Each structure stands twice: as structure tokens, then as C-alpha cells.
Amino acid sequence: MGSKNKKKKEKRNKRNTAELAKRRAEKHKVGFENTAFEMPDDKKQFSLKSDKAVRLDIIPYEVGEGNPWADKGQVYYERTFWVHRSVGVDQTSYVCLAKTCGDPCPICEHRLKLKKDPDSDDDLIKDLLPKQRQLFNVINIKEKNKGVQIWELSFHLFGKRLDKDIQNEDEDDNYSNFSDLEGGLTLKCGVDEKSFGSNHFYEVTSINFKPREEDYDDDILEQTTCLDDILIIKDYDELKEIFLQTTDDDDDDKKDKSSKKDKGKKSKDDDDPDDDPRNQHDDWEKGSRVIVEVDGEDFPGKLTSVDDDDKTASVKFDDGDTMDDVAFDDLKAEPEKKSSKKDKGKKDKKDKGKKDKGGSGKCPAGGTWGKDTDQLKECPDCPRWDKCDDAD
Ligand SMILES: [Zn+2]
């Protein structure tokens, strides 16, 4: 296996350096980094900051590429997109390539794989669902001096209400023309505060459509941002890499906890020979403990992804290195004693209810902690979402 491994090692070292550097850079970044869209330098971002009603004029813009509801060049008032939440080492949101662009999405693919596996955790499958969000160009009547601002939020906190009101309009209401420059309407938005311990978020719970004080000139369009252009669309491989880093980290966290718990208490699934990776050299699964020989030296690690078609896998070594495209033939199952965990999905399921990985928690919206994740309309913007999510 000489030259092959040498090549592999070179590749591994190269990847390692680049990945570590990237990881470090990402980890050391302070504060919130928006990974779903890019704020233009000359624009301010609008957000609901209190439960006081706000009066907003939504300004349409000339649509660019990829808007699901309008063609390029049309003048339209919002951009719908979908994100996967809590992705990568920074646990931020990334645009879902499948729902947003109709392209293959590594996270959706991973979700589909889990869905096919009857042992997968249903909640995990649900968590990986893309969440709908929207961007608007908006003028806050109270702070017109800030010009046209960009408003980004969950579809469930405003857009859904807006859609409903427009659908239910009476013939003489003219709500659907609300964003017209001439004869458009100001939206008086009633806002409710939802509080979560020390955190808060705001939801538009009512909209009154009111005549605008004055019409806008066409010039205002020049102040708007092409909302389609500011979405950050990662390419497939890049998103996959970011996503796998998360699952690596998750595996490590959960492993630390569950391996202690499961010590000496081998799960009955392990008795099933089909589950033993050593008996399945053509059928490795993610999470399996493996040994990869590099230059005659054995390196223990864990499979972070498996490509059954290519018969290759990605390995995260115990020393922190990672290596992609390792042929199944080059994988050896690690001897039993170290095999503390080999099926994340099953363990998670088994541990359900027994432990609360997210710490003790109370759903701020009155739901069941760890169970109602993403079931409630408050969920998309809940600041305790990650902990609730972890607590399943
Ligand atoms: Zn996706």
C-alpha cells in the first residue's frame, strides 16, 4: 500500500492544515456572523425591537435571479428562501440549496438518508428540515431618515400573516397592492413580545393596511436592494464540508456523554452481526470506529460520512485530522474494546427521555421541552432552540 498511502498522507496533511486554519478562523470570529445573506455596506438592517406597533412601507425592488415568486426584471416585494439552522462549527444558518435553488443540497441529502434508515431519530430528521425565511426592503415610517432598510425574518413571524390578510381581502380592500409605489399602503403592524427567560423575540400578530401619507417616486427603487443578489449560496462541496464539521462535533459531544453512560452496558443491537462493521466491509456506516493504515502506521478514527456508491468514506481521526475519499478496502474495523459508539441515531433514540443533553429546560412558549422542537410557531426564532433541540 506504499505509494497509495503516501499520496493519501500528503492529501491528508494538506487537508488538515487548511481545515484547521479555517476552523480556527471561524472559531475565533467574534460576534454574530450572518451566513445566509450579506448586508450591503450602505444599508441598515431593520428588526422588531419592541412590542410597540410599527408602521412600515414595504418597497418593491427589481427582481434578480432565482426568486421563486417573480421573474427576473419584475418589480416585486419580497424574497423567500430557506435555511438549515445550526450548521457548522459556528452553528449558524446556511441557505438550503434544494429548497432555495432547486439544486442538490448535501444537508437535505443527509436528511433523506436518515429518513430511509428506520433506526434514525425522527426529531433529528425534522431538525434538518429547511426553514422558510423572507427578506424585504422596508421603510420604517418612524425612522425614514434611515432610508430603505433590509428586514430579514422567519416567514412565520410576519409573512404568513401578510399572506393570509391578502388572501382574505375583500374586493374593495386593495391589500394586494400594498407595495405599489403609487396608491400603496402602509402596514401598521401590531407586535407581540414572546419572552424566553432573558431573551425576547417579536412577532407581528396583526396588520392594518392604511393609506400612505404620500406616494413614492420611482427614484425610491434605486434605494432598494436586489434581495436575490444578497443571499449567500454556498456551493455543494463547501456546504457539505461545513455541515460535516457539525456532525463531527456533535458526535464527539454526544459520544463523551453517552460512552460513559453506556460503559459496560452493551446495547442489544450490538449483538446483531449485521450491525458489526467488521462483518460488513462493503457496508460501512457513519460513526463506525475504524483504523486506517498510513505508511504502515495504524490511525484510529471514526467515519464521518460514507459514500456507498463510490465505496469511499470520510474519516475523522482521534488526533483531530480528517481524511476524505478513503476506499472501503483501506478501512479496518477497530477492535471491539474501543468501539464505544457506532450508531449515533440508535443511541440517541435509546437515550431519549433518559437524559437531557440540553440541560434542564422549560419551553418558553409553553410546549414540551425537547419534544415540540419546531412544532410551535415560536420555534423558528426561539433563542433556546438549540438547547431544546439538543434535549431530545
Ligand atoms: Zn437543504
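**Close-up views of the zinc site and its strands**

View 1. His84 stands opposite Tyr94, a residue of strand 6. The model shown here, as in every view, is predicted. Strand 5 and strand 6 (residues 92-95) are antiparallel and pair over three bridges. Four residues lie between the two strands of this hairpin, and Gly88 takes a positive phi near 80° there.

View 2. Four residues coordinate the zinc ion: His84 through NE2, and Cys96, Cys105 and Cys108 each through SG. The distances run from 2.0 to 2.3 Å. Angles among the four donor atoms are 99 to 120°, and the site is tetrahedral. For comparison, the ideal angle for four tetrahedral donors is 109.5 degrees. Along the sequence, the donor residues follow the spacing H-x11-C-x8-C-x2-C.

View 3. Cys105 has a relative accessible area of 2%, so Cys105 is buried. Cys108 has a value of 16%, so Cys108 is buried too.

**View 4. Strand 5 and its other neighbour, strand 7.** Strand 5 covers residues 78-87, and nine of its ten residues are buried, so this strand is largely enclosed by the rest of the structure. Strand 7 (residues 131-140) runs antiparallel to strand 5, and six bridges join the two. Phe81 stands opposite Arg133, which belongs to strand 7. In a regular strand, side chains alternate between the two faces of the sheet.

**View 5. The chain around the close-ups.** The chain has eight helices and 15 strands. Of its 392 residues, 47% are buried. Among contacts between residues at least 6 apart in sequence, 63% join residues at least 24 apart. The chain exposes about 20,500 Å², and carbon and sulfur atoms supply 45% of that area.

View 6. The chain has a mean pLDDT of 77, with 69% of its residues at 70 or more. Which elements mark the two ends of the range? Confidence is highest in strand 2 (residues 54-58), at a mean of 98, and lowest in helix 7 (residues 344-351), at 35. Residues 24-32 stay under 50 in pLDDT, and the model gives this stretch five contacts beyond four places in sequence. Residues 248-280 also stay under 50, with 53 such contacts. Where pLDDT is low, the predicted coordinates should not be read in detail.

Key: Residues numbered from 1 in each chain as written. Heavy atoms only, no water. Donors = N, O, S within 2.8 Å, 3.2 Å for Na, K, Ca; no water. Tetrahedral: all angles 85-135°; square planar, octahedral: opposite > 155°, others 65-115°. Buried < 20%, exposed > 50% of the residue type's maximum accessible area, 1.4 Å probe, protein only. Contact = heavy atoms within 4.5 Å. Areas by Shrake-Rupley, 256 points an atom, 1.4 Å probe, with all protein chains shown as cover. Pairing = 2+ DSSP bridges. pLDDT = per-residue confidence, 0-100.
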